[in-house]
Each structure stands twice: as C-alpha cells, then as structure tokens.
Amino acid sequence: MKRYTYLLTLLVFFSCAGEAQIFKKAQDLLGGNAAFTKEEAANALKQALEQGTVKGVDVISQLDGYYKNPEVKIPFPQEAKNVEDKLRALGLGSEVDKAVESLNRAAEDAASEAKDIFVAAIKGLTIQDAINIVKGEEDAATQYLERNTTSELTAKFSPIIDASLKKVDATKYWGDVMGSYNKIPFVKKVDTDLTAYVTQKAIDGLFVMIAKEELNIRENPGARTTELLKKVFN
C-alpha cells in the first residue's frame, strides 16, 4: 500500500514537464509490467464504474431489490427499535411489517433515478486517480465514487425519496405505526426524519451493489465485457 501512496504523491506534485519520467517510475513501482497507458487505465476504470453502476442500479431498483436482499434491506430505524419491539409484543407486528416493506419499496422506486447521477459523476475521474485505483484495493473505485458523490447524491436523491415515500404509502404506514405506539401509556416519543433515513440507507445499498460488481470485474474475467477492461484488469 505504501508504494501506491508514493505513486499518487508523485503524480500529484510533479510538473507536467516530467510526466513521462514520472509515469515510467509509476510503472516500476507497480511491478514494471504495466501493459497499458495512463489514458487506458483511466478509460478502463470509467468503463468499469459505469458497468458496475448500471448493473447495480438495475438489480436494486427492481421489485424486492432492497426488500428481499439481506445485504441492503432497509430495517426499522435503530432509534425506533423500541417502537418495533413494543408493537410486536402487543401483536401489532403486521403494522411494523407494512412500514418496513414500504420503506424498501420507496428505495426501489427511487433507485433507478440514481443511474444518471452516478454516471455523470464518473466523468470527473482523473488520470492520476485512475492509475492508483486500478492497482488499488478490491473496492478502490467504489470508495472513490462514494467519497466524491455522496453529498451530491444525498441532495438530489432526497426529494426523489420523499416523493417515493408518499407514492408507496410509506408515510401513511409509518404514521399508523407511530400512532399506535404513541397510544401506549408512558412511552417516550420517537422523532425520525424518515426521508433522511431512507435516503441514506438507499444510497448505502447502491454502493454495496456497485462494490460487488467492481469486485466481480476485478476477479472474474468473464465480467470484463470490453477489450479495454480485459487488458487493464488482467
């Protein structure tokens, strides 16, 4: 990992005049057998990210893409766990189940809208980033995407989730659950920002799926659908 950090430092701080020498040094640091150019590395990474993003979003935006996938299923909010426990103990589990399902339906309904946001963000990837990421950790590309898009995704995704919550009656089911809970004597009321919660969980789920596809591209030659991906990730 130290040699990759050193590589990135070289790429960022040296002048363009010595670029060829720097890239040669980068190749040496990476093993001396880099059979691709820096442009190919950048383009391959963008292809990989776009491929993983499109596939991940397509899978997760289907019916039950969140709800029946234990890796990304959105549970009852942690701060409201006592609400769930008390209602189930009172035989009101069906209300809780409807609320949980509706949260996941809202995420599924909104997820397809994230595709263009991800793809647009990928265009900001630099050659310097690409060289480091291609030879980085198994989810290095996903980490880069997460660091550089989460804030924008949250801002753009939030109103979509808010509309989806209403569309699938999640707001109604949540209101029913909290109404039932608040009727229980002496309980402490819980205030959850449902839109913010589902937005964050929905985005987290998208990154989980993209990371899985990135790993697939790195480890499974059959997942490399273009000649450039085969060359760079070989």
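Mentor: Contact here means heavy atoms within 4.5 Å. Among contacts in the protein chain between residues at least 6 apart in sequence, 80% join residues at least 24 apart. Keep in mind that this is a predicted model.

Start with the setting. The protein chain has 11 helices and 0 strands. Of its 234 residues, 45% count as buried.

Now the pair, H5 and H8. Two packed helices are described by the angle between their axes and the distance between the axes. For H5 and H8, the angle is about 130 degrees and the axes lie 8 Å apart. The two helices are therefore oblique to each other. Their crossing is right-handed.

Next, the residues. H5 brings Leu103, Ala106, Ala107, Asp109, Ala110 and Ala111. From H8 come Phe157, Ile160, Ile161, Ser164, Leu165 and Lys167 to meet them. By class, this contact has 9 nonpolar, 1 polar and 2 charged residues.

Then step back to the core. The largest nonpolar core has 54 residues. Tyr66, Phe76, Val83, Phe118 and Leu206 have the most contacts inside it. H5 (93–111) and H8 (140–167) are among the elements that give two or more residues to this core. H10 gives the largest share, 9 residues.

Phe118 deserves a stop. Leave aside its neighbours within four places in sequence. Phe118 is then in contact with Thr53, Val57, Leu145, Thr149, Leu153, Leu206, Phe207 and Ile210. Of these, Leu145, Thr149 and Leu153 fall within H8 (140–167). Leu206, Phe207 and Ile210 fall within H10 (194–219).

Terms used
Residues are numbered from 1 along each chain as its sequence is written. This is a predicted model: local features need pLDDT of at least 70, side-chain atom pairs count only at pLDDT 80 or more; totals for chains, interfaces and linings use all residues. Side-chain values use heavy atoms; hydrogens and water are left out. A nonpolar core is a set of buried Ala, Val, Leu, Ile, Met, Phe, Trp, Tyr and Cys residues joined through side-chain atoms within 4.5 Å. Buried means under 20% relative accessible area, exposed over 50%, partly exposed in between (1.4 Å probe, protein chains only). Helices (H or I, at least four residues) and strands (E, at least two) are DSSP runs, numbered from the N terminus. Axes are lines fitted to C-alpha atoms, for helices over the stretch in contact, and angles run from 0 to 180 degrees between N-to-C directions. Angles under 35 degrees count as roughly parallel, over 145 as roughly antiparallel, 65 to 115 as roughly perpendicular and the rest as oblique. A crossing is left-handed if the near helix is turned anticlockwise from the far one by less than a right angle, and right-handed if clockwise. Ala, Val, Leu, Ile, Met, Phe, Trp, Tyr, Cys and Pro count as nonpolar, Asp, Glu, Lys and Arg as charged, and the others, Gly among them, as polar.
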